[in-house]
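Dear colleague,

I am handing over the structure below, together with some notes on its aromatic rings and strands. Please read them beside the model.

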Amino acid sequence: MKKIVFIILGVFILTGCNGFPNDTISQPEGKVIVDGERFIMIPGDYEWKEDNVEISSKTNPNINELVEPFETLDVAKGEILNFEIDENPSSVTVYKVDEEGKSEIVDVEDNEITMPSESGYYIFQLETIWPKGNQEFVFDVNVK
């Protein structure tokens, strides 16, 4: 009987007094969706302030180098891509960067982006904002 009491007591101590918070701060993840398949976008600069914790991560300022690890997506002219971002940001601004490095803001409606009507290589940069921070995401496409 004493063994059972000690086992139960040990379980209560181990589960109830771990000393670590259950909710940890984690960097949001962004996904772009093409034909129902989700691709994780490359995270860029990240800043977050929550309680007494401040996190700041600065990445390579060159967007071409930042997007290198992403597997370039082949898409059709005018195709609509969806995106999902964890934690439901309060604001998302999307920039399209063409092969010449020209950048312009892209219209976003219901987390959808319409691909350009001209063939070419494009990088998309999403700047997201939450009340507690902000995050940048990038991905690239070949429009055919």
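Phe124 counts as buried at 0% relative accessibility (buried means under 20% relative accessible area, exposed over 50% and partly exposed in between, with a 1.4 Å probe and protein chains only), and Phe139 is likewise buried, with a relative accessible area of 0%. This is a predicted model, in which local features need pLDDT of at least 70 and side-chain atom pairs count only at pLDDT 80 or more, while totals for chains, interfaces and linings use all residues. Residues are numbered from 1 along each chain as its sequence is written, and side-chain values use heavy atoms, with hydrogens and water left out.

The rings of Phe124 and Phe139 are stacked, because their centres lie 5.4 Å apart and their planes meet at 15° (rings of Phe, Tyr and Trp, the last by its six-membered ring, pair if their centres lie within 6.5 Å; planes under 30 degrees apart count as stacked, over 60 as edge-to-face and the rest as tilted). Phe124 lies in strand E10 (residues 120-130) and Phe139 in strand E11 (residues 133-143), so the pair ties together parts that are 15 residues apart in sequence; strands (E, at least two residues) are DSSP runs, numbered from the N terminus.

Strand E7 (residues 91-97) pairs with E10 in the antiparallel sense over seven bridges, where two strands pair if DSSP finds at least two bridges between them. Within this pairing, Tyr95 has Gln125 of E10 as its bridge partner, and Tyr95 also stands opposite Ile105 in E8.

With regards

Terms used: Helices (H or I, at least four residues) and strands (E, at least two) are DSSP runs, numbered from the N terminus.
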